[in-house]
Amino acid sequence: MKKYLIILMLFVTCNLSAQVSIKGTVTSATDKEPIPGASVVIKGTTIGTTTDIDGRYSIKAPDAQSILVFSCIGYEDVLIPADGKELINVAMNEKMEKLDDVVVMGYSNKTKNEITSAVSVISSDKLVDVTSQNIESMLQGKVAGVSVVNSSGQPGSEPLVRIRGISSMNAPQGPLYVVDGIIGGSYDPNDIETLTVLKDAGSTGMYGAQANGGVIVITTKSAKSKKMTFNFKANVGFTRPDFDRQKRMNSAELYNYYREYFRDPETYMVDDVAFNNAIPKSVLNTDTDWRGLAFRTGTVQQYYFSLMGKSDRNSYYDSISYFDEDGTMRNTGYKQVNVRSNNTFNLTDWLKITSNIDIHGSTSSSMDSNLLYYLDEALPWDSPYDENGDLRKFSESTGIWMRDKVNPLLAFEDNQLVNNVKSIGLDYDFSVDVKITPWLSFNSQNRVSGSTDKTHYHRTTNVETMESGDFIQESQTFVVSGITTDMFKAKYNFGKHTVSGLFGYEAQREYGEEMSASGKGLPYGLYVLDVASNTYVVGGSNYTNGMQSLISQVNYDYGNKYFVTASFRVDQSSTFDKANRTAMFPSISGSWVVGNEPFMAGNDLIKGLKLRASWGKTGMKDIGASKYLEKFAYSTQYDDNTSAVPTQMSNPNLKWEQTTQFNVGTSFSLADRLDIDLNFYRNITNNLLVYRDLPPSGGFDKQWQNFGSVLNTGFETSLGAHILKDGKLKWNADFSISYNYNRLFGFGDTVIYTSHYGVMQVYKEGCSLYTWYVKDYAGIDPETGRRQFIDENGDKTFDYASARYVEAGSPLIPWEGGISTDISYGNWKLCATGNFVWGDVLYGRQRASDLAIFVENSLEPSSEDVIWKQPGDIATIGLPAYASSQIYDTGMLVRGDYFKVRNITLSYTFDKFLHSDNKLTLALSCDNLCTFTNVWGADPEVNMSIDSDLLPGEISTWENRYPNNKQYVFQVNLTF
């Protein structure tokens, strides 16, 4: 026994004598300041520590040959052999990473090599070329697979964004927004540092039930240097309504055009006697430019000021911005103020706290959309003024040629029609990072949000609209929400292996309430609810919804060449019944960085070659609260007691809409001149959430149900060319194109129709979403000038009633893309961006198919239109004697192809403006410069929202929507 004890003591003594105690200080090589929280690890072991607030550390190395690894976020790793030293001081160099080298994925950050899924990253300098208050307008044409539709020029309106097509009939399809790692949130576009678009399940799977429409991750700015930096931007310019393809005829043009209505179907001659009796030449004495009276040159101005900096223990970023746009339509506009403060505090070497706040307020003014309808219907033969020069009521006047006898200009007089919204909101983020060990940390991210909106609308008896009399309505909403995400994160290296992951819990809850009141009978000059004397209507409601989730992810990296990521999320939502409340969303992705293989070394042609694949599931549940329950409205009385009326049919079987996604892709660079990124995807959405029509015998007309499936499959290609990159002259160009194929299946024999004033869309097996279902049009008969159709036997007929219905394309966009270029010479820079779409089919062909359309407006025909006048004419517009305005056929369809020059900017930069550290950039920018398209009478960017009054892709016969604008802006950007 004594012998064994002696041997053990000798072994312990030798082992202790082999250990080396090492201490030292870690500082920044740039400013010689200490670096707190730096990790110090013995390579190949779990032995490690972190530096204190003064950058000091102390560690015991197993032996004199140990290697110390020093690492810290934002600095290059340093490896130093112990070599028996007891004092090792280290100066760490700041890591000079490009913005696209570190990608913010929401719950985690990854380097470009580590990404195993389809993502696109855009830096702030590529976003802010367009002067706008919404990020969606800035995204248009810049990311492959992302569709952005600006369907309205109304100040403050938001474009529609869709990622990789549309996968639902009735559920929302917009992307999920994540701001600074937390779902939801608000921001100003000038506060954005980077924007990441997550497109496949390998990247969106971590967001589970909220990620069917993709995810957009926004990271706001933070300080990068200890030097206090100020930035001031000012954009000032003007806007003009884009009526390039919506021109109106003047009095003489309309008069001559109107003669065609009096062409005799027997003699084919114009009956000028009848024409002059019906429309005397005296109409030519009036030539009213209705658009000129209702529209104007608008103005836009945007100001932004920020300061940022940091010290050893904290960093800060503070900003304030103001945006003001006076719309091109009179009495319309939008104003917004945004204040943000981002602060990070390094309290100890193991505890970091982040506190961010964003406060925003806005006011918007708009006009009744019916006014746009009346302005389009108004004829130049009518004057809005009486003999005294005062605006007159058409309903009380004689000799008015306009069909509806409405003078729309009355609504533009002071306080005659007011429609405004006032909003204010606040988001407060509080995050805690705790470093438990060198490889394990805890992170808690929390946000509290609150907002309120107040809407006021009134019109006086002087205003002529579809509804007679005065009216006042006010409503107010209040929403408060909270979210917490609590995660343990780990990362461990051993040899060539790196394993990292996270596990956490997330909970969200939202409460909202709304109340509204309306009335009629307003005394002149008083526009408050209290003075309304009759027809009171009062309403109010509230809701609560919530969701809780378990989230997890594991990442593996071998030799910086082979990467695997697997995630698993479990969501529970109050949107569904308890039996269907839980859903699981797994995903897995992997990549092979071929460019890091030894056999690729020295290959100057192909660099950074990477292959990747992903599979996973995402979901959708945002159809509103309690759609599975039976609902009642206490809106009546029975036997003098309040009584309830059923308003919603229950469906306890309602469940999640889920999408199974598969993606393969590659990215590489050719000769350091051309960057290429390719993706192929196949997404199948099952259990579509459908708001279906019910048989009338049941007492309910609609019910939320799960029915059918939809396929979206396609590819995306992005090219980035560095055409000239050496010397003073530099030239870069980017090009992207994507294709998406959409088909419904799982419908069996079921056919679902939706309609709007006779225009129909069909949903059935093998069709695309939103497929048009209209009569089959065969053109104008050259011999008679009559409209022709195809009947059920395939024969031509003049009888519209006997014409067959056909499925005639969809407004879904199959092909789209963008192109941009920037050329710089010295301090001069010229940038241009554009986007294109082709293959979609829109309804509401404004130009040709029937002359009867021009009875009720003065839209100028396009150069492609030909009016039938005599036998043998090959025409697009038939004989008016046979015209009918109640036609819904393929002749009203038009291809929605277009190419838009989205922005052109010329700038000059003063590198050392008044001081060596200052920089001043002056620029001239033009937005929405021109559009090339065959669509006439309307902008080809058409609303695709299911919440619109029109069907998706439908252009109103009289385009009652706010026109898009051309914008010309002078920009100043000063950094000091």
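These are my notebook entries on a predicted model.

**Entry 1: the salt bridges**

I started with charged pairs. Side chains of opposite charge can pair when their charged atoms come close. How many salt bridges does the structure hold? I found 34 of them.

I looked up glutamate 716 next. Glutamate 716 pairs with arginine 164, and their closest N and O atoms are 2.7 Å apart. I then checked where the two partners sit. Glutamate 716 belongs to strand 36, which runs over residues 709-724. Arginine 164 is in the loop between strand 12 and strand 13 (176-179). The two are 552 residues apart, and the pair links distant parts of the chain. Are these two residues buried or exposed? Both glutamate 716 and arginine 164 are buried.

My next pair was aspartate 180 and arginine 340. Their side chains meet in a salt bridge at 3.6 Å, N to O. Aspartate 180 is in the loop between strand 13 and strand 14 (182-183), and arginine 340 is in strand 20, so this bridge ties together parts that are 160 residues apart in sequence.

Arginine 895 has a relative accessible area of 42%, so I wrote it down as partly exposed. Aspartate 897 is also partly exposed, at 22% relative accessibility.

**Entry 2: the largest cavity**

I turned to the inside of the model. The structure holds nine cavities of 30 Å³ or more. The largest cavity has a volume of about 130 Å³. Which residues lie closest to its centre? I listed Ile163, Arg164, Ser167, Asn212 and Asn683, out of 17 lining residues.

I then asked which elements give two or more residues to the lining. They are strand 12 (160-163), strand 32 (657-670) and strand 33 (674-686).

I sorted the lining by residue type. Two residues are nonpolar, twelve are polar and three are charged. Arg164 is a name I had already written down: it is among the residues closest to the cavity centre, and it is also the salt-bridge partner of glutamate 716.

A nonpolar surface patch covers about 730 Å². Phe232, Phe305, Ile320, Val337 and Val339 are among its residues. Others in the patch include Ile359, Leu426, Tyr428, Phe430 and Phe976.

Which elements give two or more residues to this patch? I found strand 20 (333-346) and strand 22 (417-437). Strand 22 gives the most, with three residues.

I picked out valine 339, which lies in strand 20. Its relative accessibility is 35%, so valine 339 counts as partly exposed.

I looked at backbone angles next. Threonine 535 has a phi near 55°, a positive value in a residue other than glycine. It lies in strand 26, residues 534-558. Threonine 535 has 48% relative accessibility, so it is partly exposed.

Asparagine 560 is not a glycine either, and its phi is positive, about 55°. Where is asparagine 560? I placed it in the loop between strand 26 and strand 27 (562-573). Its relative accessible area is 34%, so asparagine 560 is partly exposed.

**Entry 3: distances along the chain and in space**

Serine 123 is in strand 10, residues 119-123. How far is serine 123 from threonine 194 in sequence and in space? They are 71 residues apart in sequence and 4.6 Å apart in space, C-alpha to C-alpha. Serine 123 has a relative accessible area of 16%, which is why I noted it as buried.

Alanine 633 and glutamine 648 are 15 residues apart in sequence and 9.3 Å apart in space, C-alpha to C-alpha. With 25% relative accessible area, alanine 633 is partly exposed.

Notes. Residues numbered from 1 in each chain as written. Predicted model: local features only at pLDDT ≥ 70, side-chain atom pairs only at ≥ 80, totals over all residues. Heavy atoms only, no water. Patch = residues over 30% accessible without salt bridge, like charges linked within 9 Å, V, L, I, M, F, W, Y side chains within 5 Å. Areas by Shrake-Rupley, 256 points an atom, 1.4 Å probe, with all protein chains shown as cover. Salt bridge = Lys/Arg side-chain N within 4 Å of Asp/Glu carboxyl O. Helix = DSSP H or I, 4+ residues; strand = E, 2+ residues; numbered from the N terminus. Buried < 20%, exposed > 50% of the residue type's maximum accessible area, 1.4 Å probe, protein only. 1 Å grid on protein atoms, 1.4 Å probe; cavity = no way out; pocket = protein on both sides within 12 Å on 5 of 7 lines; lining within 4 Å. Points joined across faces, edges and corners; volume = space filled by probe spheres on them. Nonpolar A, V, L, I, M, F, W, Y, C, P; charged D, E, K, R; others polar.
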